[in-house]
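Here is a briefing on a single structure. Please read it with the coordinates open.

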Amino acid sequence: GGLGGLENPASGYANLVGAASSCAGSGSVRVVAGDATLSFLMDKLDNAVPSCGGAMPSGAAQWSTADREVVRSWIAAGALNN
């Protein structure tokens with residue numbers, strides 16, 4: 001699928017945390033456990049025009065600040081698989 005393996009709960013975590021972004025040449029990691037500022041996911045959630053590719057969620061309104069903070073806090077806490 002077009003979700004880079006994130007649509008499958010069994011493999012989604014492995015395809016997100018510590019995984020290289022599929023954005024050609026970006027050199028970004030989707031989620032850097034413990035560091036939201038280095039996590040490409042936050043770039044795509046926070047910015048209407050991210051450094052590479054399109055904003056997330058695709059085709060929908062940007063998440064609220066509160067919802068994005070939940071993701072940011074999860075990453076800062078170590079991006080645990082829980």
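Predicted model: local features only at pLDDT ≥ 70, side-chain atom pairs only at ≥ 80, totals over all residues.

Residues are numbered from 1 along each chain as its sequence is written, and side-chain values use heavy atoms, with hydrogens and water left out. A network of salt bridges links Asp46, Arg68, Glu69 and Arg72. The structure also holds 1 disulfide.

**Confidence**

- The mean pLDDT of the protein chain is 86, and 83% of the residues score at least 70. Here pLDDT is the predictor's confidence in each residue, from 0 to 100.
- Among the elements of the chain, H3 has the highest mean pLDDT (96) and H1 the lowest (73). Helices (H or I, at least four residues) and strands (E, at least two) are DSSP runs, numbered from the N terminus.

**Salt bridges**

- The whole structure contains 3 salt bridges. The term means a side-chain nitrogen of Lys or Arg within 4 Å of a carboxyl oxygen of Asp or Glu.
- Aspartate 46 pairs with arginine 68 in a salt bridge, N to O 3.0 Å. Aspartate 46 sits in helix H2 (residues 40-46) and arginine 68 in helix H3 (residues 65-76), so this pair ties together parts 22 residues apart in sequence.
- Aspartate 46 also forms a salt bridge with arginine 72, with the closest N and O atoms 3.0 Å apart. This pair again joins H2 and H3, so it ties together parts that are 26 residues apart in sequence.
- Glutamate 69 forms a salt bridge with arginine 72, at 2.8 Å between the closest N and O atoms. Both residues lie in helix H3, 3 residues apart, about one turn of the helix.
- Arginine 68 is buried, at 12% relative accessibility. Buried means under 20% relative accessible area, exposed over 50%, and partly exposed in between (1.4 Å probe, protein chains only).
- Aspartate 46 is partly exposed at 24%. Arginine 72 is partly exposed at 24%. Glutamate 69 is partly exposed at 35%.

**Disulfide**

- Cysteine 23 and cysteine 52 form a disulfide, with their sulfur atoms 1.8 Å apart. The cut-off for a disulfide is a pair of cysteine sulfur atoms within 2.5 Å.
- Cysteine 23 lies in the loop between helix H1 (9-12) and H2, and cysteine 52 in the loop between H2 and H3, so the pair ties together parts 29 residues apart in sequence.
- The link of cysteine 23 and cysteine 52 is left-handed, with -95 degrees about the S-S bond.
- Cysteine 23 is buried, with a relative accessible area of 15%. Cysteine 52 is buried too, at 18%.

**Nonpolar core**

- The largest nonpolar core has 10 residues in all: Leu16, Val17, Val31, Ala36, Leu41, Met42, Leu45, Val71, Ile75 and Ala79. Such a core is a set of buried Ala, Val, Leu, Ile, Met, Phe, Trp, Tyr and Cys residues joined through side-chain atoms within 4.5 Å.
- H2 and H3 each supply at least two residues of this core. H2 gives the most, with 3 residues.
- In soluble globular proteins, nonpolar side chains tend to be buried together.
- Valine 71 is in contact (heavy atoms within 4.5 Å) with Leu41, Met42, Leu45 and Trp63, leaving aside neighbours within four places in sequence.

**Serine 39**

- Serine 39 is in the loop between H1 and H2. At 2% relative accessibility, serine 39 is buried.
- A polar atom of the serine 39 side chain lies 2.9 Å from the backbone oxygen of aspartate 35.
- Serine 39 touches Val29, Arg30, Val31, Val32 and Ile75, not counting residues up to four places away in sequence.

**Alanine 77**

- Alanine 77 lies in the segment after H3. Alanine 77 is exposed, with a relative accessible area of 57%.
- Alanine 77 and alanine 33 are 7.6 Å apart in space, C-alpha to C-alpha, and 44 residues apart in sequence.

Conventions: Polar contact = N/O pair within 3.5 Å; in protein donor to acceptor, adjacent residues only side chain to side chain.
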